[in-house]
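Hi,

Here is the structure I promised to pass on. Have a look at it first, and my notes follow below.

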Number of protein chains: 2
Amino acid sequence: MATLRDVAREAGVSVATASRAINGLGNVTAPTKAAVMAAVKKLNFVPHSGARSLTRRKTDTVGVILPDLFGEFFSEIIRGIDLVAHESGMHLLLGNMHGSTHETAAAIASMRGRVDGLLVMPPDLKPELLSDYLDPALPTVLLNYDAGSLDLPFVAVDNYRGAYAMTEALLARGARHVVHIAGPKHNRDARDRQRGFADAMAKIAGVRNPAILPGDFSEESGAKAARLLVEGQLPADAVFAANDQMAVGLIAGLAEVGKSVPGDLMVAGFDDIPLARHLNPSLSTMQVHIDRLGSTAMMMLLRILRGETLGAASATILTPALIARGTTGAMAQASGVHP
Amino acid sequence: MATLRDVAREAGVSVATASRAINGLGNVTAPTKAAVMAAVKKLNFVPHSGARSLTRRKTDTVGVILPDLFGEFFSEIIRGIDLVAHESGMHLLLGNMHGSTHETAAAIASMRGRVDGLLVMPPDLKPELLSDYLDPALPTVLLNYDAGSLDLPFVAVDNYRGAYAMTEALLARGARHVVHIAGPKHNRDARDRQRGFADAMAKIAGVRNPAILPGDFSEESGAKAARLLVEGQLPADAVFAANDQMAVGLIAGLAEVGKSVPGDLMVAGFDDIPLARHLNPSLSTMQVHIDRLGSTAMMMLLRILRGETLGAASATILTPALIARGTTGAMAQASGVHP
DNA sequence: TTTTCCCGTGTAACCGGTTACTCTGTGAAC
DNA sequence: GTTCACAGAGTAACCGGTTACACGGGAAAA
């Protein structure tokens, strides 16, 4: 592979001049520049980004550290990030942290010298721990994580208000006994959604201890909730699952025991996964623009890298939108095709 | 940020010794090593990967260049790659090529000095062009692309045999008039699937010019095909869509005009997207393990990087599996929950 | 004509690590 | 008591770019 020295020799100039010509800096006459460019072509020279980033002290790369994610979520976040990154000529260095806290630390450490900034979606670990791992000198934006005590910029989804709004909507459609299927206990999103549900039940319906079934965001746990619901003979005219996956499992489970949706029970989910609108009846849910989570965070990071101060914009909350569909009695849409 | 020089000074040794101690190379006494490690802890030193890769001439990173992909496909490939990469301590540098040929070249060029190898999924461009962009010195494995003339290692899905098998299955279930909905004209996968369909029709059913409707892999084009089918009064008792998305649109379109599946018509797709098994009736399709596309390619690349020669393994073909479900009259499965 | 200034270019230091080679001192072999 | 081998540590070159600074020469200013 040709180096800048080779190009300079070929063009009969010094490396400094070659470098200037290639990077379009001033102080190079047209003929000189032409000679350098000819040498570049001839030798098929491509600058070595690694070497360049060493002196420039910037890599034009941002590190993205995500936990193990389920398909749709993952790709949408990346898509959102990439969209913005690509516009600014930035590269994305992926670093999944596969579960363990130890790996998180390793993933972050291994980014030093490779990236100009970091987008981190921490799993459910404590802020104090996180701050131990993060390099304060490296601009960092957190994804879906309100750092609280740490004053790191972040983008998060307002799970609380989303759940509140959905519960409110179910009650408004006439439900009296709304049951919630919760997500994993240690999961922040799940906890916030549960709080939103409970608060809405308390404030709007005056119900202090609404029924809450355990779940773990999986389809299976939704189906299991259906059995619990029926066998336990819980009074229920609506079920609000903490995510769509569980709602899907729930509906299948209810169908098996002959309960109809929304006839016997209304059902609602959260996330608006693509499958939601294809179900029959289609699933009512809270729409979260996951890609915006990524693109917004990336934009924030870019601004920090440009030296701008974010101020109030350093905490961005995305509010999910209510999508009323068939499972809450809205008119069933023609499934399949939507412009 | 502390550098190796700082650590060396703090520990009272030379940079060479510090480097050896940190990297666990021999020729360092225990006390010396301990002193260095203490300095590392104290100064919170993290080696600068960029600098290290410059001298080592390896980056422990592989570049992944993918075209603009639809969600599921993208995340599954990445997941497969990451799975293997992570095990070997490799990083992933993402470089989407958003369409244009020019961008592809730029994406590949910008990888020089950043990566040890490349995984490239070329869009539908010609092999000759591709070889112009690729650096012969950089180990490269192609994804879903039979390089043909180029002797680059690749992993591909056997779309031809998959389509052949599905067509065969439809005929075996008693279909006489099978209609194909094709994918985008310039798309390799789509063309191979169409060939497989046409060949199966010719060889098994003796049909020379089977009906083929245009499509572009989108749901909309599937719905449009449904209209064409009904309005054109094509004789048809089975429709084989070149991918699941179109099959989904098709089924919705058929439902609108009162055609039942599989009663009036059997329907089959290709890919086995997650939605497929959730439809009612569930969609028969060819299962492609997209994640294996990624993991297999990554394994091949790792072997090349280790200096092994692949030999026959340099061309890996993944054969999709037939999944018979409700839309071809197989017993409808309880939708929603599957272990 | 002399001085000043600036433009185009070259020299060399530097980014932060790695490593070939050198040097020193100790214990084993003679 | 030499000589030799070798382990432990240091010096400095090097990876491939960027860039501060120096330098020479021609045009403009005096």
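In which sense do strand β4 (residues 140–143) of chain B and β5(B) pair, and over how many bridges? They pair in the parallel sense, over 2 bridges. Before I go on, bear in mind that this is a predicted model.

Let's stay with β5(B) for a moment. Leu143(B) has Val155(B) as its bridge partner in that strand. On β11 (residues 315–318) of chain B, Val155(B) stands opposite Thr316(B), and β5(B) and β11(B) pair in the parallel sense over 4 bridges. As for the side chains, Phe154(B) and Ala156(B) point one way from β5 (residues 154–157), while Val155(B) and Val157(B) point the other way. All of these are buried. The general rule here is that side chains in a regular strand alternate between the two faces of the sheet.

Now over to chain A, where there is an open sheet of 4 strands in the order β7-β6-β8-β9, with parallel pairing. Its edge strands are β7 (212–213) and β9 (266–268), each pairing on one side only. Strand β6 (residues 178–181) of chain A is joined to β7(A) by 2 bridges, and Ile181(A) has Leu213(A) as its bridge partner in β7(A). Helix α8 (residues 159–172) of chain A lies across β6, β8 (238–241) and β9 of that chain, and runs at about 170° to β8(A).

Another helix to look at is α6 (residues 101–109) of chain A. Thr104(A), Ala107(A) and Ile108(A) are buried there. They sit on the same side of α6(A) because they cover an arc of only 95° around the axis. In general, an α-helix has 3.6 residues a turn, so residues three or four places apart point the same way. Among what covers the buried residues of α6(A) are β1 (61–65) and α7 (127–133) of chain A.

Finally, the two chains together. 47 residues of chain B are in contact with 47 residues of chain A. On the chain B side, the elements giving two or more residues are α4 (49–56), α5 (71–87), β2 (91–94), α10 (219–231) and α11 (244–256). The largest share, 7 residues, comes from α5(B). By class, that side has 19 nonpolar, 20 polar and 8 charged residues. There is strand pairing between the chains as well: 3 bridges join β2 (residues 91–94) of chain A to β2(B), and the two run antiparallel. Leu93(A) has Leu93(B) as its bridge partner there.

Cheers

Notes. Residues are numbered from 1 along each chain as its sequence is written. Chains are lettered from A and ligands numbered from 1 in the order in which they are written. This is a predicted model: local features need pLDDT of at least 70, side-chain atom pairs count only at pLDDT 80 or more; totals for chains, interfaces and linings use all residues. A residue is buried if 20 or more other C-beta atoms lie within 10 Å of its own, exposed if 12 or fewer, and partly exposed in between; C-beta atoms are placed from the backbone. The arc is that of the directions from the helix axis to the C-beta atoms. Two residues are in contact if their C-beta atoms, placed from the backbone, lie within 7 Å. Two strands pair if DSSP finds at least two bridges between them. Axes are lines fitted to C-alpha atoms, for helices over the stretch in contact, and angles run from 0 to 180 degrees between N-to-C directions. Ala, Val, Leu, Ile, Met, Phe, Trp, Tyr, Cys and Pro count as nonpolar, Asp, Glu, Lys and Arg as charged, and the others, Gly among them, as polar.
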